[in-house]
Amino acid sequence: IEGGAGGIGALLNLLVVVMVLLLIARQPQALKGNRTMTAWAVFLTLAALTVFYSQLPKMTFKLLLNLSTYAAIFAVPFFIVKDEKGKKFWIKIILASSFLPLAFANLGMVTQHPLLNAGERLSGTFSHANILAFYVVFIIMFLFYVLRMRILRIPPFMLPLLWLYIVDLFAVLVVTQTRGAWISCAAMFLIYGLLKERKMLLVFALVAGLLLSVPLVRTRLADLT
């Protein structure tokens with residue numbers, strides 16, 4: 001187990017962290033007063049202390065490096081997004097970057113090719129179905145945010161296509177059979193409905209009822225215990 005603490009992945013994580021530390025050194029004002037990054041700093045400091053008394057220090061350090069990478073990637077937009085134009089540009093990039101992975105995921109659903117499926121679970125281009133599932137949850141919520149908040153000026157003919165894309169994302173999410181991702185996605189829509197748009201609760205109930213009628217979903221949820 002401890003031997004898995006190194007490798008190319010750990011090196012890439014370290015490079016990402018170093019890159020962001022250099023950005024912080026050059027542009028410290030970018031994170032000034034950022035409460036979320038302050039919370040990350042406190043959390044990572046506490047996590048770093050555990051390395052000194054862990055029974056598996058190498059494995060613990062690898063986990064710390066992973067967590068530090070998440071914080072570093074989270075910090076990047078504060079350095080590269082300078083204005084509204086830059087924000088819209090990167091939103092388009094993120095959405096466009098999802099098309100190819102989702103195309104392969106759809107191909108995996110249709111062909112059941114072993115390179116895109118792990119047994120009965122869809123994994124697409126990712127190493128595990130769970131990773132694909134949580135990536136899909138991110139894209140669903142990201143696209144939903146763009147559509148509901150009207151961040152971008154979207155031509156009318158594109159709107160139905162983007163909503164169909166969300167439907168396709170839900171189909172991919174179901175086939176991954178990742179219950180944690182299902183629950184996360186449901187929780188986010190439920191919270192949005194309660195705090196922002198009550199009419200979304202009706203849509204949530206209808207979609208949840210429809211999904212619960214799918215045998216695959218019922219089977220996976222039945223053996224949660």
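**Reading helix packing and cores**

Guide: Please keep in mind that this is a predicted model.

Visitor: Is Thr 69 buried or exposed?

Guide: Thr 69 has a relative accessible area of 9%, and because buried means under 20%, this residue counts as buried. Leaving aside residues up to four places away in sequence, Thr 69 touches Asn 13, Val 16 and Val 17.

Visitor: How should I describe a pair of packed helices?

Guide: Two packed helices are described by the angle between their axes and the distance between the axes. Here, helix α8 (residues 179-195) and helix α9 (residues 199-212) pack at an angle of about 150°, and their axes are 7 Å apart. Because angles over 145 degrees count as roughly antiparallel, α8 is roughly antiparallel to α9, and α8 passes α9 in a left-handed crossing.

Visitor: Which residues in α8 and α9 meet?

Guide: From α8 come Ala 186, Phe 189, Leu 190, Tyr 192, Gly 193 and Leu 194, which meet Met 200, Leu 201 and Phe 204 in α9. By class, this contact has eight nonpolar residues, one polar residue and no charged ones.

Visitor: Which residues have the most contacts inside the largest nonpolar core?

Guide: In that core of 34 residues, they are Leu 102, Val 136, Ile 140 and Leu 173. The largest share, 13 residues, comes from α6. Among the residues that Leu 173 touches are Val 136, Ile 140 and Trp 182. A second, separate core has eight residues, including Val 20, Leu 23, Ala 72 and Phe 79.

Terms used: Residues numbered from 1 in each chain as written. Predicted model: local features only at pLDDT ≥ 70, side-chain atom pairs only at ≥ 80, totals over all residues. Heavy atoms only, no water. Axes fitted to C-alpha atoms, helices over the stretch in contact; angles between N-to-C directions. Helix = DSSP H or I, 4+ residues; strand = E, 2+ residues; numbered from the N terminus. Parallel < 35°, antiparallel > 145°, perpendicular 65-115°, else oblique. Left-handed = near helix turned anticlockwise from the far one by under 90°. Contact = heavy atoms within 4.5 Å. Nonpolar A, V, L, I, M, F, W, Y, C, P; charged D, E, K, R; others polar. Buried < 20%, exposed > 50% of the residue type's maximum accessible area, 1.4 Å probe, protein only. Core = buried A, V, L, I, M, F, W, Y, C linked by side-chain atoms within 4.5 Å.
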